[in-house]
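Welcome! Please open your viewer and get ready to select a few residues, one stop at a time.

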Amino acid sequence: QVQLVESGGGSVQTGGSLTLSCTVSGDILSSNCLGWFRQAPGKERVGVAILYTHSNITYNSASGTGRFYIGRGNATNLVHLRLNNLKPDDTAMYYCAAGPGDSRGYCRMVASEYHYWGQGTQVTISS
C-alpha cells in the first residue's frame, strides 16, 4: 500500500510560480512510477510530469516542458512539482499518483496505470 498527500497549491497571478509537494508513505519502491496529473472542471485528468522511482529519470508533458519540473526532495518520500510562468490555463486540481507502469514497466502519463492517488491540491491562476 502507498499513501500520497499533496500540498502547496494556491492562487497566484499569471507568470507566477508554485511548488507542489507530495508526501509518500508506504512501500514507495513497489511503485515504479510517480506522477503528477491535473484535472480542470469538465475536462479529463491529464499527466503533467512523471518520475521513475528507481532511477529518478523524469519526463514532462508538452504543455509543461520548460515550465514544470518534477523531482525528488531531500527525503526519498518527497516528490515536488515546480510550476513556473503559470498561465490561466494551468488552473486545475493537481494530483500525485503512484503505479507500476505499463506491461513492460514503462512510466507513461496514462491515469489508468496509476493505482494510488492523493486527494489533490487546487492551483488557481488569475489573469
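Predicted model: local features only at pLDDT ≥ 70, side-chain atom pairs only at ≥ 80, totals over all residues.

Residues are numbered from 1 along each chain as its sequence is written, and side-chain values use heavy atoms, with hydrogens and water left out.

How many disulfides will you find? A disulfide here is a pair of cysteine sulfur atoms within 2.5 Å, and by that rule there are two.

**First stop.** Select cysteine 22 and cysteine 96, which a disulfide joins with an S to S distance of 2.1 Å. This pair links distant parts of the chain: cysteine 22 is in strand S3 (residues 18-26) and cysteine 96 in strand S9 (residues 92-99), 74 residues apart. Strands (E, at least two residues) are DSSP runs, numbered from the N terminus. Now look along the S-S bond: its torsion is about -85°, so the disulfide of cysteine 22 and cysteine 96 is left-handed. Cysteine 22 and cysteine 96 are both buried, meaning under 20% relative accessible area (1.4 Å probe, protein chains only).

**Second stop.** Next, select cysteine 33 and cysteine 107, joined by a disulfide with S to S 2.1 Å. Cysteine 33 lies in strand S4 (residues 33-39) and cysteine 107 in the loop between S9 and strand S10 (116-117), so this pair ties together parts that are 74 residues apart in sequence. The torsion about the S-S bond of cysteine 33 and cysteine 107 is about -90°, so this disulfide is left-handed. Cysteine 33 is buried, and cysteine 107 is buried too.

**Last stop.** Show both disulfides together: counting bonded cysteines along the chain, the pattern is 1-3, 2-4.

Terms used: Helix = DSSP H or I, 4+ residues; strand = E, 2+ residues; numbered from the N terminus. Buried < 20%, exposed > 50% of the residue type's maximum accessible area, 1.4 Å probe, protein only.
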